[in-house]
Amino acid sequence: QVQLEESGGGLVQPGGSLRLSCAASGSIFSIGAMRWYRQTPGRQRDLVADITSGGSTNYADSVKGRFTISRNNAKNTVYLQMNSLKPEDTAVYYCNAEIKTPAWSNYWGQGTQVTVSS
């Protein structure tokens, strides 16, 4: 059984920063790409950033230059450093990962709320 557990969400003022973490646990052989998505009520879940096992990254245009995705393979953890936050960044943020157990499957975390408001 594999679980992804997110942490680090909360309330922050515009211009502030937050760091999200997502730790994978369970019978893990290997982890491939890891991703962060976000979703607001009534809208689809959108990709924010992803990182391959080798460290290559990709970002949505709306967060380029403000957000940084990174990972610690020894800890099976992915991070999302969010700077210069804007009210439009308010959403539930979800962690997603491709995990081998030994078959490759896609897993989701439970989500963490990020609210940017004064």
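Glutamate 98 and arginine 35 join their side chains in a salt bridge, 3.1 Å from N to O. A salt bridge here is a side-chain nitrogen of Lys or Arg within 4 Å of a carboxyl oxygen of Asp or Glu. Glutamate 98 sits in strand β9 (residues 91-100) and arginine 35 in strand β4 (residues 30-39), so the contact ties together parts 63 residues apart in sequence. Strands (E, at least two residues) are DSSP runs, numbered from the N terminus.

This is a predicted model: local features need pLDDT of at least 70, side-chain atom pairs count only at pLDDT 80 or more, and totals for chains, interfaces and linings use all residues. Residues are numbered from 1 along each chain as its sequence is written, and side-chain values use heavy atoms, with hydrogens and water left out.

The whole structure holds four salt bridges.

| Pair | Distance |
|---|---|
| Glutamate 98 – arginine 35 | 3.1 Å |
| Lysine 64 – aspartate 61 | 3.1 Å |
| Arginine 66 – aspartate 89 | 2.8 Å |

Arginine 66 and aspartate 89 form a salt bridge. The pair links distant parts of the chain, 23 residues apart. Arginine 66 lies in the loop between β6 (57-59) and β7 (67-72), and aspartate 89 in the loop between β8 (77-82) and β9. Shared partners join Arg38, Arg66 and Asp89 into one salt-bridge network.

Exposure comes next. Buried means under 20% relative accessible area, exposed over 50%, partly exposed in between (1.4 Å probe, protein chains only). Aspartate 89 is buried at 1%. Arginine 66 is buried at 10%. Arginine 35 is buried at 17%. Glutamate 98 is partly exposed at 23%. Aspartate 61 is exposed at 63%.

How values were computed. Helices (H or I, at least four residues) and strands (E, at least two) are DSSP runs, numbered from the N terminus.
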